[in-house]
Amino acid sequence: MSDTIRWRAEVYVSLRPGVNDPQGLAVRDGLRRLGYDEVEDVRVGRFVQLWLSAPDAETAERRVAAMCEQLLANPVVEQYRFTVEPA
Amino acid sequence: MRFGIVTFPGSNGDHDALMAVRLGLGQPAELVWHTETDLSDYDCLIIPGGFSYGDYLRPGAIARFAPVMEAVAREAQAGKPILGICNGFQILTEAQLLPGALLRNASLEFVCDWVFVRVEQHRTPWTSRLVPGQLLRLPIAHGDGRYFVDERTLRDLERNGQVVFRYVDAEGRVTPEANPNGSVANIAGVCNERGNVVGLMPHPERAYDRLIGGDEGLQILASVLAVGWELVRGHRS
């Protein structure tokens, strides 16, 4: 059995640009009501943390990308980015 | 015709569909649990509304990977009539058996109301008894019903006649006020290219008798009967 390392991935999923984000608009308006007039735009997304084992960072990243494509994001309307670090 | 109603943990429209088919149509119907892998016994399938797997992550995202969905995809491929209602519509888009996606309502509010939809396409097994331009009054109950496709896909859908229902006012006009969730082009329901798979956000199964507020949804469920036994049987061979 090959040695595996434990990794922590942090995945950020958000609506694609051009897809109306009413949650973001509501948060923006809330911030402005609090006096943060400098806020131009807000987009609300989803943050997913996961822990996995893989022999190297490259493999871990490949697996996480596949998870994003298959389940964590809906490619029709969402985009994603992630980081992978030793846990 | 024998109806199969696919039930996931969290489905809550399954018994409504069962009653609508049995009492409203007088046809045999059975609930099919999400672990089932063979749906060949049924002549048509309904994927009902509710909150499959609690809508965790996104509505329909987890249900899409239920064992039964492989069988649903197989039957869709074979041409069997499949109707996705509300959460069932969301599941069918997640499974890519229907185009697009359903997003949080533009109002951010859960809407529970009666709406008018206009029939845009009658060449599907679920609208064959309807006439293009006909209005139906149906109930809605959803928080994630904003249908979205990008502009290019929308043009394709319109050109292919895949827009099946549109939200309209009582006079049949497509207006922003008649759109309960901010769906693109007021779309309330679509079908796949072949037309056998239809999804919509309104609940026809909750409008099968005037005693429960309306009976116009029954025409959608009854349409599938008009497809004819022979045609459905033919899909099996």
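This is a predicted model: local features need pLDDT of at least 70, side-chain atom pairs count only at pLDDT 80 or more; totals for chains, interfaces and linings use all residues.
Arg166(B) sits in strand 9 of chain B, which spans residues 163–168. The residue is buried, at 10% relative accessibility. A polar atom of the Arg166(B) side chain lies 3.2 Å from the backbone oxygen of Ala185(B).

The interface between the two chains was examined next. Chain A contributes 15 residues to the contact, and chain B contributes 15 residues. Together the chains bury about 1,300 Å². Carbon and sulfur atoms account for 65% of that area. On the chain A side, Pro22(A), Leu71(A) and Asn74(A) supply 34% of the area buried against chain B, more than any other three residues.

Polar pairing also occurs across this interface. Six residue pairs are in polar contact between chain A and chain B, both residues being at pLDDT 80 or more. Helix 1 (22–33) and helix 2 (57–72) of chain A each provide at least two residues of the side that touches chain B. That side of chain A divides into nine nonpolar, four polar and two charged residues. One salt bridge crosses between the chains. It joins Arg58(B) to Glu78(A), at 3.6 Å from N to O.

Over all chains, the count comes to 18 salt bridges. Side chains of opposite charge can pair when their charged atoms come close. In chain A, Arg8(A) pairs with Glu85(A), and their closest N and O atoms are 3.9 Å apart. Arg8(A) belongs to strand 1 (residues 5–15) and Glu85(A) to strand 3 (residues 78–86), so the pair ties together parts of chain A that are 77 residues apart in sequence. Both ends are partly exposed: Arg8(A) has a relative accessible area of 25%, and Glu85(A) is at 42%.

In chain B, Arg2(B) forms a salt bridge with Glu30(B), with 2.6 Å between the closest N and O atoms. This pair also links distant parts of the chain, 28 residues apart. Arg2(B) lies in the segment before strand 1 (3–7), while Glu30(B) lies in strand 2 (residues 29–33). Arg2(B) is partly exposed at 27% relative accessibility. Glu30(B) is partly exposed as well, at 31%.

Asp156(B) is partly exposed, with a relative accessible area of 27%, whereas Arg159(B) is exposed at 62%. Elsewhere, salt bridges with shared partners join Arg46(A), Glu78(A), Arg58(B) and Glu94(B) into one network.

Cysteines were considered last. A disulfide is a covalent bond between the sulfur atoms of two cysteines. The search of the whole structure finds zero disulfides over all chains. For Cys86(B), the closest cysteine sulfur is in Cys112(B), 10 Å away, which is too far for a bond. Cys86(B) is buried, at 6% relative accessibility. For Cys191(B), the closest cysteine sulfur belongs to Cys44(B), 16 Å away and again too far for a bond. Cys191(B) is buried too, with a relative accessible area of 3%.

Note on methods:
Residues are numbered from 1 along each chain as its sequence is written. Chains are lettered from A and ligands numbered from 1 in the order in which they are written. Side-chain values use heavy atoms; hydrogens and water are left out. A disulfide is a pair of cysteine sulfur atoms within 2.5 Å. Buried means under 20% relative accessible area, exposed over 50%, partly exposed in between (1.4 Å probe, protein chains only). Contact means heavy atoms within 4.5 Å. Buried area is the accessible area (1.4 Å probe) that two parts lose on being put together, summed over both. A salt bridge is a side-chain nitrogen of Lys or Arg within 4 Å of a carboxyl oxygen of Asp or Glu. A polar contact is a pair of N or O atoms within 3.5 Å; within protein, one must be able to donate a hydrogen and the other to accept it, and residues adjacent in sequence count only if both atoms are side-chain atoms. Helices (H or I, at least four residues) and strands (E, at least two) are DSSP runs, numbered from the N terminus. Ala, Val, Leu, Ile, Met, Phe, Trp, Tyr, Cys and Pro count as nonpolar, Asp, Glu, Lys and Arg as charged, and the others, Gly among them, as polar.
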